[in-house]
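Welcome to this tour! Open your viewer, get ready to select things, and we will walk from stop to stop together.

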Amino acid sequence: MSEAVTEAAAEAALASRAPGTDPASVPGASGARQFWRRLRAQRAALVAAVVVALLLLVALAAPLLTAIEGQDPTTYHPSLIDSARGGVPVGPLGGIDGDHWLGVEPQTGRDLFARLVHGARVSLGVALAATVIQVALGVTLGIAAALGTRWVDQLLSRITDIFVALPLMIMSLALLAIVPANFPRPVLVTLVIGLLSWGNIAKVVRAQTLTLKGLDYVSAARLSGWGTRRIARRELLPGLAAPVITYAALLVPQNITVEAALSFLGVGVKPPTPSWGQMLTAADVWYQAAPQYLLLPAGALFVTVLALTVLGDGVRTALDPRAASRLRVGTGRRREHRADTAAEKETSS
Amino acid sequence: MSGFGGLPGFVLRRGIGTVLTLFAISVIVYVVFYVTPGDVAQITCGPRCSPAQVHQVAEQLRLDEPLHVRYWHFIEGLVVGQDYSTGTSVEHCRAPCLGLSYQSDQQVTGLILAKLPVSLSLVFGAMVLWLILGIGTGVLSAWRRGRLTERLLTALTLAGTATPVFVIGLILMIVVCGELQLLPFPQYVNLTDDPEQWAWNLLLPWLSLALIEAASFARLTRSSMLETLAEDHIRTFRAYGVGERSIIGRHALRGAFAPVIALNANNFGSAVGGAVLTETLFGLPGIGQELVHAVNVVDLPVVVGMVLVIGFFVVLANAVADVLYAVADRRVVLS
Amino acid sequence: MSLVDVTDLTVEFGALRAVDGLSFRLEEGAALGLVGESGSGKSTVASALLGLHRGTGATVGGSVRVAGTDVGTASDEELRRLRGGRAAMVFQDPLSSLDPYYAIGDQIAEVYRVHTRVSRRAARARAVRVLERVGIPDPVRRSRSRPHEFSGGMRQRALIAMALACEPDLLIADEPTTALDVTVQAQILDLLHTLREETGMGLLLVTHDVGVAAESVDEVLVMRHGRLVEHGPVGAVLAAPAQPYTRELLGAVPRVEARRTAGEQPSEKSGGPLPDARRPDADGPRADSVRADGPRADGRRAVAGPSDEVVLEAHGLRREFGRGKRALAAVDGVSLTVRRGETLGVVGESGSGKTTLGRMLVGLLEPTAGEVRYEGRVSSGVNPAVQMVFQDPVSSLNPRRSVGESIADPLRARARGGRGARGGRARDETAVRARVTELLERVGLEAAHYDRYPHEFSGGQRQRVGIARALAADPSVIVCDEPVSALDVTTQAQVVALLGELQRELGLALVFVAHDLAVVRQVSDRVAVMRRGRVVEEGPADEVYESPRDPYTRQLLAAVPALDPAVAARRRAERRRAERREPALT
Amino acid sequence: MPHRGGETANREVVIPMRQPSLIARRVAAASVSLVVAAGAAACGPEDNDAKASGSDSAPHQGGTLTVLNRNPQQDFDPARLYTSGGGKVPTLVFRTLTTRNRENGAPGTDVVPDLATDTGRPNKDATEWTYTLKEGLKYEDGTAITSADIKYGIERSFAPELSGGAPYLRDWLVGAADYQGPYKDPKGLAAIETPDSRTIVFHLNKPEGEFPYLATQTQFAPVPKAKDTGTKYEEHPVSSGPYKVVKNENDGERLTLERNTYWSAKTDAERKAYPDKIDVRSGLDSSVINQRLSASQGADATAITTDTNLGPAELAKVSGDKALAARVGTGHFGYTNYIAFNPNVKPFDDIRVRQAISYAVDRSSVVNAAGGSSLAEAATTYLPNQKSFGYEPYDLFPAGKTGDAAKARELLKQAGHPNGLTVTLTHSNSQDFETSPEIATAIQDALKKAGITVKLQGLEDNDYSDTIHDVKTEPGFFLAHWGADWPSGGPFLAPIFDGRQIVKDGANFNTGFLNDKSVNAEIDAINKLTDLDAAAKRWGALDKKIGAQALTVPLFHPVYKRLYGKDIRNIVISDWDGVLDPSQVAVK
């Protein structure tokens with residue numbers, strides 16, 4: 001099976017090569033606490049984490065926010081647009097004023113702030129849910145391929161190749177056309193993205209499990225009489241956390257852009273449910289007549305993808321012990337020294 | 001030990017693997033599109049056809065046969081070729097024959113041969129650009145790691161991934177072709193007819209497709225170079241007074257070569273099909289655009305033919321990557 | 001003016017002071033050995049000579065003058081001219097010290113062209129000459145092959161060739177032979193010796209192996225915690241060490257000529273704790289510190305010495321890797337027996353198949369042919385009665401689970417499976433925890449360590465956890481795969497002693513797989529010597545060591561570095577004569 | 001892919017963009033790269049400013065006309081084209097018995113002779129029509145055009161391999177219902193007689209006064225039997241018009257036409273054919289097309305488009321630039337977008353509910369969703385607002401500018417729904433701004449005020465047309481649109497309201513299932529008339545009579561606004577199809 005993996009996969013594999021000692025670790029701290037300490041040490045990742053948290057909050061509290069503004073994403077305001085000139089918003093800066101914080105949508109006059117906020121709900125929701133599906137499928141099939149017999153490995157790898165070869169856009173078009181209309185569209189889009197593009201993460205997990213399988217502590221677990229299932233759960237899964245989380249953090253922004261592309265092809269989320277992809281598709285031709293109609297969703301998309309990717313990089317560095325040492329985590333070193341001397345005194349007293 | 005001993009065996013194994021994969025893809029596509037709603041006969045016959053006429057068209061396109069019979073014809077066509085009546089005469093479609101398009105009665109193989117060069121020239125050109133842009137930025141940010149240039153470049157590359165192609169493409173076109181009128185509006189010119197015009201017209205589509213892909217290459221080049229710089233042999237060369245420039249240029253960059261090949265293969269493969277957005281935006285008559293159109297009118301032969309072509313390129317790209325990987329890093333034995 | 005003049009050198013990494021006010025001098029053509037355990041700062045000193053700490057954030061105090069250049073104040077340009085031009089360095093791990101993607105010849109040529117303005121072709125010719133000089137056969141063809149196509153020994157020779165390229169005045173060798181087999185190590189040390197005779201080059205040899213120092217240097221300097229302990233001519237220091245630490249260090253070094261003293265040597269009572277300082281350059285796991293009050297008698301004094309009842313047998317074991325014509329037989333038909341309470345030593349160089357054999361005995365690897373019998377019955381797959389202790393302390397314990405959890409694994413597995421002979425019905429949590437605490441203390445650790453994580457322990461402590469985990473399954477046989485080769489000599493002695501005690505106390509059968517002949521002799525009742533997948537000689541330890549029948553065994557024993565310089569010189573002469581008769585170059 | 005849902009559907013005319021659903025969202029939107037300036041030359045619905053400044057200097061022969069289109073000239077075979085009035089590009093190659101009058105505005109909706117000497121001579125009850133060909137008509141290869149070629153051309157259009165044409169020949173010609181084309185039964189159609197090489201007689205199974213209109217369609221173009229190659233004929237059809245096909249790449253993606261030397265202006269008063277060469281390029285994105293036309297660089301200066309409208313976004317820009325606004329051609333086409341009811345589905349069986357919805361609908365937000373008042377005009381009548389249709393303005397259920405919520409609530413109360421109603425509006429997911437989600441959401445919002453909560457059901461394009469045209473699955477309340485095959489009330493009202501056109505087991509267009517004896521009789525009566533103006537008046541009256549049943553709620557008529565290159569001369573935009581006619585245009 002071809003060992004070629006995608007960029008994120010290659011990075012993830014690099015990140016997880018030697019889980020073991022690392023000079024920057026703190027005694028008594030379990031993996032998780034160290035992870036947070038290393039993550040906090042990276043300023044960019046911290047800012048990104050805050051931004052992502054904010055975005056999630058906005059997505060969740062969308063109805064509340066629009067209620068505060070006193071608008072909703074679907075009411076038309078014909079009075080605010082100039083019908084003779086193609087429906088361009090009348091007010092300055094695209095109709096930004098007291099009760100329309102970010103102006104009004106051309107042609108329909110719907111409130112842009114409300115649509116943007118509700119759009120976040122769909123775009124982020126679809127992206128996160130699709131990532132969960134991809135990770136779940138990728139991990140299970142990846143581990144099964146690595147731990148199974150040669151024949152199982154060949155079969156699963158062949159299936160992975162097929163799914164990687166299937167053009168995502170085209171198959172989504174077909175699948176989205178087949179399913180009857182009353183099926184909730186955002187859920188359908190999530191399923192399509194999730195079920196079609198898990199190939200790459202499966203390859204990463206398989207490669208990583210193969211390396212872990214060779215490590216002594218996994219052989220020791222087999223010696224102590226444990227079955228393959230328990231070994232997979234207790235020994236392998238924790239080892240997979242680093243590459244999988246790293247890869248997932250890079251999948252989310254990818255999924256957001258795929259949803260936008262599907263909307264561009266006319267098969268994404270259907271009106272009246274707003275999504276950033278949909279707004280972008282409708283807005284890009286208004287680039288000169290009503291620029292803010294394009295800049296808002298494009299800006300939102302950019303900030304989200306930027307924050308998620310920076311956070312992803314930060315997570316990868318925090319999870320990879322070797323990278324942590326490259327980080328020269330300043331604060332940790334002094335405390336660590338004190339802890340070591342304490343440990344020595346204690347053991348040799 | 002070198003990877004070359006296994007090349008003929010490897011090529012044979014991958015060849016069989018490719019055929020199996022493509023066979024599976026064709027079955028999946030056939031089943032998925034057989035179920036797609038939309039009465040093909042009605043679409044082909046036209047909106048105001050009487051039920052009798054629709055039935056005649058369905059018979060002529062052999063639509064009323066069950067799925068497995070139609071799939072058998074498809075395989076028969078691939079192996080032996082098919083005969084189609086054009087009314088006045090019988091047209092033989094030589095093997096490998098992918099059938100006729102329901103809409104245009106053109107041989108799908110001919111359609112693909114006409115459209116493939118467009119998609120390939122788009123994707124190959126974009127590949128060259130995204131490699132230069134991506135690796136260049138990657139090396140620069142690895143060289144200047146920690147300093148301002150690196151942060152700037154990383155933010156720029158992230159911007160690339162964050163904006164969809166149809167936004168970048170359109171704005172680029174409006175600014176460059178419309179207002180500044182530096183470039184002509186993209187209009188596909190055959191490479192064979194006029195290479196200079198061909199490149200001139202494709203410059204903008206190449207740029208917008210490359211901007212998106214370059215970002216992931218920049219990030220990968222940077223991280224694998226940093227990884228290589230932490231290796232022991234870099235310390236050896238430093239201990240022998242070798243200058244920083246050649247350490248970065250000769251050794252660190254060489255280390256990043258293998259992962260970059262792997263990523264390039266994957267991106268190239270999916271770009272052939274995935275460039276549909278760029279093709280649609282710039283009106284390039286490529287495989288992606290035709291495929292999306294065919295999906296809309298449920299033109300099964302065209303859809304199956306083109307998905308197979310795209311699938312073939314993805315699998316081919318991965319196989320080539322494995323060989324290059326083995327060449328680049330002799331320690332890898334071709335599995 | 002001396003070749004190297006170091007006065008009051010201090011090197012600090014943040015708060016850690018790796019080298020603390022060290023001063024020494026090295027004259028033209030002389031050879032100085034820096035000896036010390038991991039974390040003693042010896043490698044940091046070596047790197048300081050070439051100013052490699054510059055730009056890495058370390059603070060370097062005192063002055064270092066090498067071949068007339070003051071490294072501290074030299075400009076980057078001057079420093080670059082020094083490095084490789086006047087002083088060259090050879091590193092420990094030959095595989096990772098060369099660029100995997102370029103041919104060996106090109107890499108040497110590249111270094112050569114940094115210091116002398118010559119054409120690419122001339123530089124490559126120079127590379128071929130120096131490769132030939134260090135004894136690489138067919139140098140023209142080999143200069144075009146890549147590092148991974150060379151064996152360990154050949155790669156180290158290539159690195160030495162690289163150092164020779166610019167004819168430096170000083171060669172700094174940082175643990176040059178640690179990663180090599182003993183026969184190859186002997187050849188490399190001989191090579192260094194002949195090269196020094198021919199070029200008059202000065203040598204600074206950094207090693208943790210006192211024997212290696214004895215073989216190749218004029219003076220030796222013993223270091224501990226970045227400070228000088230003792231400095232003098234090698235013969236005097238080894239014969240009559242003045243400092244207590246040196247004495248204790250030499251005492252802990254296993255001698256290949258010393259017979260096995262059955263069981264008196266207690267496992268602890270090392271002369272006071274050996275505090276280990278966490279050094280960034282620690283090139284091995286930290287020196288171990290052990291509880292002072294020794295193994296508590298827990299009432300079950302098993303019969304001492306091996307009984308004649310056979311507990312584990314291997315018949316015609318064979319294992320192939322790879323498919324078709326490129327299949328490689330790692331183990332090619334091995335039969336041996338292990339009796340209860342007895343230690344079988346399996347010694348051999350890397351690639352001899354000893355580890356594969358160990359894994360087959362334990363059931364981790366399915367043999368291609370032949371079978372393993374436990375107590376007479378053929379056992380296939382994992383057998384709880386046969387456990388294993390692994391070599392690499394880093395990867396033998398799951399970093400994400402506490403030490404106590406890892407040890408409790410076999411107990412919980414047997415409780416769940418209910419298969420074990422003495423496993424009670426539902427072993428509840430407290431019983432498991434009590435048993436684990438008992439095991440922790442039995443191997444010299446503490447109950448409190450139950451919830452600590454592997455990265456908080458030294459190499460030696462981790463091996464003790466590995467042993468505790470093996471004991472938790474109440475095995476009758478433990479296969480130890482290079483259990484101590486990753487540890488410092490003092491820690492090594494303690495772990496070996498612990499194994500001996502456990503064997504006597506619990507009547508365990510041990511299979512001790514290792515490449516270090518001295519350590520194997522110290523622990524084994526019987527010894528099997530392996531070469532290229534076959535057992536070339538087997539028998540009682542003293543017989544095999546004192547009157548070896550097989551020429552390969554003789555060659556192995558001859559290559560073991562002697563602690564007495566005079567003996568070492570005589571052996572080198574013998575080897576050179578044997579060399580001329582039939583070059584056994586791997 | 002033929003346009004479905006509404007039923008003018010000639011692929012080539014493409015009323016505002018029959019775009020495959022994937023890029024359809026571009027239908028009205030394409031961005032133009034000009035700086036927006038205040039002021040507007042936006043023209044009112046009535047007058048169309050075809051007399052742009054460009055046409056003052058006299059047009060000359062020569063040069064190359066470029067046509068930038070989004071949809072390819074697929075199946076460029078006279079038998080397969082479904083055109084209105086012979087189409088834009090096809091009419092340059094295929095002359096037909098009669099054709100549309102090539103003049104601006106309303107006169108453009110008349111029928112004039114083309115290959116025939118007159119528009120046809122009917123017998124007294126218009127069941128038999130005779131035509132005589134002009135003298136000296138030749139094909140591109142110099143051979144003479146005979147009446148047998150016209151007969152063969154029509155017969156070919158019945159072959160299943162060459163499907164796609166209009167249904168009228170099948171419905172009107174005697175014994176044509178199950179004829180399968182010359183390949184299956186070579187003896188041909190008895191209903192068409194060719195007594196000699198220049199006369200041809202058509203026998204109809206019922207009176208059809210508007211037969212001359214039908215004779216404008218490409219099926220009436222001559223095809224020499226010797227040169228017929230079945231489905232391959234489209235690659236190089238034999239031309240009878242001013243231009244011949246030199247190159248046809250990828251089934252109409254790129255079509256190059258050059259002068260047909262054997263065509264003579266003497267026998268063809270309608271086609272000017274000034275340019276020497278015509279380069280028809282397609283597959284372009286609508287933004288690109290409008291960009292190029294506005295920039296007018298190089299070859300684009302002499303370029304037009306026959307299928308890409310200005311979108312609302314561009315309109316907002318164009319109206320700001322005087323020079324550019326002058327290069328916008330405005331055209332009207334007989335087309336209506338409306339809400340359709342299925343009276344067999346509750347609660348729409350109650351006429352008061354249908355009336356309540358008619359009152360409540362807010363046409364201004366619908367017009368805005370369709371691109372604003374410059375691109376769509378509110379409609380209260382089913383027939384389009386053009387004289388040729390016998391347009392008679394009426395507004396049976398006046399909803400005013402933003403809908404009459406009070407009247408609607410009152411009617412609902414009477415109908416037994418005091419506290420409002422919940423209904424489901426079915427629409428297509430393709431963004432073609434007729435049955436698109438945007439229009440549906442506009443209606444949803446409009447009816448909210450009248451207490452009617454509307455749930456939306458969006459179907460994929462193919463799924464949508466199958467569902468609304470199948471008697472068993474037709475929803476109760478859905479968006480639809482209809483256009484004329486030719487500018488007369490006949491093709492507009494008959495298929496939708498004639499009881500005998502209800503099709504049980506196939507594509508049914510009589511969505512209201514109206515089977516009113518008096519309506520059917522009136523349709524037959526009008527069909528008898530050969531005086532087209534008289535017929536138009538009676539169609540207008542019939543429209544009002546049907547309107548009372550409130551089976552449909554007319555919403556808006558589209559207005560075409562299209563750019564053309566700065567060097568384009570002699571602009572002619574008729575009301576027949578509202579599109580700039582390439583046969584009249586000059587580039588020098």
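Start by selecting two helices of chain A, α4 (residues 62-69) and α5 (residues 112-147). Helices (H or I, at least four residues) and strands (E, at least two) are DSSP runs, numbered from the N terminus. How do these two run relative to each other, roughly parallel or roughly antiparallel? Their packing angle is about 175°, and their axes are 9 Å apart. Axes here are lines fitted to C-alpha atoms, for helices over the stretch in contact, and angles run from 0 to 180 degrees between N-to-C directions. Angles under 35 degrees count as roughly parallel, over 145 as roughly antiparallel, 65 to 115 as roughly perpendicular and the rest as oblique. α4(A) and α5(A) are therefore roughly antiparallel.

A word on what you are viewing: this is a predicted model, in which local features need pLDDT of at least 70 and side-chain atom pairs count only at pLDDT 80 or more, while totals for chains, interfaces and linings use all residues. Residues are numbered from 1 along each chain as its sequence is written, and chains are lettered from A and ligands numbered from 1 in the order in which they are written.

Now show the residues where the helices meet. On α4(A), pick A:Ala62, A:Leu65, A:Thr66 and A:Glu69; the residues they meet on α5(A) include A:Phe113, A:Val117 and A:Arg121. By class, this contact has six nonpolar, two polar and two charged residues. (Ala, Val, Leu, Ile, Met, Phe, Trp, Tyr, Cys and Pro count as nonpolar, Asp, Glu, Lys and Arg as charged, and the others, Gly among them, as polar.)

Next, select chain D, which has 15 helices and 18 strands. Of its 588 residues, 63% count as buried (20 or more other C-beta atoms within 10 Å of the residue's own; exposed means 12 or fewer, partly exposed in between; C-beta atoms are placed from the backbone). Colour domain 1 (41-285 + 564-587) and domain 2 (335-560) of chain D; such bounds come from an automatic or database domain assignment. The centres of the two domains, taken over C-alpha atoms, are separated by 32 Å. Two residues are in contact if their C-beta atoms, placed from the backbone, lie within 7 Å.

Stay in chain D and zoom in on D:Glu434, in the loop between β15 (421-428) and α11 (437-448). Is D:Glu434 buried or exposed? It has 30 C-beta neighbours inside 10 Å, so D:Glu434 counts as buried.

Then bring in chain B, with its 13 helices and two strands. Here 51 residues of chain D are in contact with 46 residues of chain B. On the chain D side, α5(D) gives the most, with five residues.

For the last stop, which residues have the most contacts inside the largest nonpolar core? They are B:Val303, C:Leu49, C:Leu204, C:Val511 and D:Ala360, in a core of 518 residues. A nonpolar core is a set of buried Ala, Val, Leu, Ile, Met, Phe, Trp, Tyr and Cys residues joined through C-beta atoms within 7 Å. Its largest share, 18 residues, comes from helix α11 (residues 228-264) of chain A. Both domains of chain D give residues to this core, so it lies between them.
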